[in-house]
Amino acid sequence: MSTVLCKLFPSSSHRPLAAACALALALVSAPASLAQSNLPQLGDGQEMSIAAERQLGQRIARELYRDPDYLDDPLLVDYVQRIWQPLLQAARARGDITSEMNERFAFEVLLGRDRSVNAFALPGGYFGLHLGLMAIVGNRDELASVMAHELSHVTQRHIARMTAQQSQQAPVVLGALLLGILAARKNSDAANAIIAGSQAASVQSQLNFSRDMEREADRIGYQVLQDAQFNVQGFVGMFDKLALSNRINDNGSFPYLRTHPLTSERIGDMQSRLQLNPVKAKAADPAAALEHLLITTRARILSDSSVDGLRNELRLASAVSTTSVVEAPGIARLYGGAMAALKQRDTAAAQRYTEAALRSASAQTPSPTYALRALRLLSAEIALAQGDAPRARETLRELMASSKDQRPVLLMWAQAVSRGAGSEDLQEASSLLQTWVAQYPRDAAAWEAAASVFSTRNQPLRAIRAQAEARVALLDYSAALDRFKAGQELAKRSASTDHIELSIIDSRTRAVQALVRELHSEKPLN
């Protein structure tokens with residue numbers, strides 16, 4: 001798997017960051033002295049330190065957060081996190097994640113709105129996951145197998161080991177990628193011109209992990225997957241899908257295959273592991289299967305909202321009965337039709353499909369809790385699109401009674417109460433969001449939701465601080481500093497200032513100023 005962000009935005013999409021990647025690869029041919037002068041201090045031919053790897057990862061992640069293809073969809077993120085966190089816990093319990101790594105590495109998964117099938121590890125514990133991959137996995141175990149593999153690339157320090165093995169070459173490559181990002185943002189046409197160069201293709205082979213590292217990531221990932229209580233058959237299922245795609249044709253939609261060659265040796269090794277440790281068949285879980293169908297449907301639509309793509313979703317939904325109870329595949333088609341209709345601003349059709357899907361899902365046994373949650377959240381979203389915030393709040397109240405500590409519900413509730421809700425609802429949303437961001441201070445979307453609620457409650461100073469914290473979470477320290485200073489100026493002009501809030505803003509301003517100075521002290525990339 002590639003360790004670089006070229007895999008998040010493949011060149012076939014012709015987007016600015018894709019062009020940046022091609023330019024970056026071409027820059028590898030620049031003199032070593034030029035490339036090295038623009039890099040963090042990674043050492044000469046020695047393994048990259050954990051601190052240096054985290055610094056490099058942050059610099060890449062900062063650019064990814066700014067890209068329009070970065071996506072924080074609460075439902076998809078929640079689904080990924082319910083897979084990701086058990087994997088992290090298993091890796092920690094095994095000792096794969098050292099105390100220093102646990103303290104310094106981010107271990108964050110960034111979703112990319114791209115139809116290609118791919119996932120990858122970045123320096124410093126950042127990971128990329130394409131919606132295209134989420135849309136094709138058959139179950140949560142298959143998705144978990146990919147994520148366990150990528151996690152193992154990081155815990156086994158493969159990026160740092162590549163730096164040591166290739167001496168100065170790997171740092172040059174990684175630095176060139178950063179250079180390419182900035183160059184393409186200034187002149188994407190120049191970057192696109194480099195895509196045609198053959199040199200980028202020749203260098204790409206050096207960016208992929210070695211076969212030994214791939215086998216190690218398979219072996220460690222398998223054990224992590226097993227310890228996290230996932231079905232290790234997910235590895236085989238994912239391998240089968242990739243092998244089938246490889247036999248048919250890799251037309252560019254499976255970049256995972258190019259950076260992650262599926263050799264017969266890897267397949268055979270995984271089959272041997274299963275033979276030595278036979279997996280007991282687990283009872284079918286229809287509730288989990290239905291939720292997964294809705295998640296893959298959502299990922300497919302969010303990665304392809306083209307006119308043709310939405311028409312296809314509507315065509316599939318129109319073939320499903322809206323008056324009788326249907327099974328899971330039909331419910332997923334109705335959900336897809338509702339999402340497609342909402343994107344086309346046909347809220348009446350969206351509501352009709354959602355109500356039909358809810359009736360069928362409610363008849364399922366056992367009750368598909370998470371699937372019902374997804375459908376009710378979509379129903380509330382439709383109500384908000386229709387300008388009916390009271391109906392949206394009424395739809396959400398049942399979820400709030402049982403799931404107010406769940407991120408997708410909390411963020412949708414914040415939207416609903418910010419549109420004319422009473423003081424009691426606003427107070428509850430404010431309190432819940434403050435509790436949430438105290439526990440998860442790097443949740444930019446939660447900070448933005450808090451800012452909206454604070455503003456509705458006529459608390460401008462708190463709203464400005466929340467906006468600033470959202471920028472900090474996205475590693476945009478300069479923008480965060482601007483907002484903190486705006487808060488200080490507002491406090492000076494205000495006759496009645498919240499002195500506790502101002503004290504927090506003053507403290508955070510100093511902390512972010514230090515981050516900005518550190519950022520400016522880094523060696524230039526262009």
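Guide: Let's start with helix 22 (residues 407-417) and helix 24 (residues 444-456), whose axes cross at roughly 25 degrees and come within 9 Å. Bear in mind that this is a predicted model.

Visitor: OK, so are helix 22 and helix 24 roughly parallel or antiparallel?

Guide: Roughly parallel, because the crossing angle falls under the 35 degrees used as the limit. The crossing of helix 22 with helix 24 is left-handed.

Visitor: Which residues in helix 22 and helix 24 meet?

Guide: Helix 22 brings Arg 407, Leu 411, Ala 414 and Val 417, and helix 24 answers with Ala 445, Ala 446, Ala 449, Val 453 and Thr 456. Sorted by class, that contact has seven nonpolar residues, one polar and one charged.

Visitor: Which helix gives the most to the lining?

Guide: Helix 4, residues 74-94, with nine residues of the lining.

Visitor: And how does the lining divide into nonpolar, polar and charged?

Guide: There are 22 nonpolar residues in the lining of the largest pocket, plus 14 charged and five polar.

Visitor: Back to helix pairs. At what angle do helix 19 and helix 20 pack?

Guide: About 160 degrees, with 10 Å between the axes of helix 19 (residues 347-362) and helix 20 (residues 369-385). That angle is over 145 degrees, so the two helices count as roughly antiparallel. Their crossing is left-handed.

Visitor: What's in the contact of helix 19 with helix 20, by class?

Guide: Nine nonpolar residues, five polar and one charged. On the helix 19 side you'll find, among them, Ala 350, Thr 354, Leu 358 and Ala 361. Helix 20 contributes residues including Leu 372, Leu 375, Arg 376 and Ile 382.

Visitor: What lies in the loop between helix 19 and helix 20?

Guide: Pro 366 is in that loop. The peptide bond leading from Thr 365 into Pro 366 is cis, with omega near -5 degrees. For context, most peptide bonds are trans.

Visitor: Which residue has a positive phi although it is not a glycine?

Guide: Phe 107, with a phi of about 50 degrees. Phe 107 sits in the loop between helix 5 (99-104) and strand 2 (108-112).

Visitor: One more pair, then: how do helix 7 and helix 12 cross?

Guide: At roughly 125 degrees, and the axes of helix 7 (residues 140-155) and helix 12 (residues 211-227) come within 8 Å. That angle makes helix 7 oblique to helix 12. The crossing of these two is right-handed.

Visitor: Which residues make the contact there?

Guide: From helix 7, Asp 141, Ala 144, Ser 145, Ala 148, His 149, Ser 152 and His 153. From helix 12, Met 213, Glu 214, Ala 217, Asp 218, Ile 220, Gly 221 and Leu 225.

Visitor: How many of those are charged?

Guide: Three, and the contact of helix 7 with helix 12 also has six nonpolar and five polar residues.

Note on methods: Residues numbered from 1 in each chain as written. Predicted model: local features only at pLDDT ≥ 70, side-chain atom pairs only at ≥ 80, totals over all residues. Heavy atoms only, no water. Helix = DSSP H or I, 4+ residues; strand = E, 2+ residues; numbered from the N terminus. Nonpolar A, V, L, I, M, F, W, Y, C, P; charged D, E, K, R; others polar. Axes fitted to C-alpha atoms, helices over the stretch in contact; angles between N-to-C directions. Parallel < 35°, antiparallel > 145°, perpendicular 65-115°, else oblique. Left-handed = near helix turned anticlockwise from the far one by under 90°. Contact = heavy atoms within 4.5 Å.
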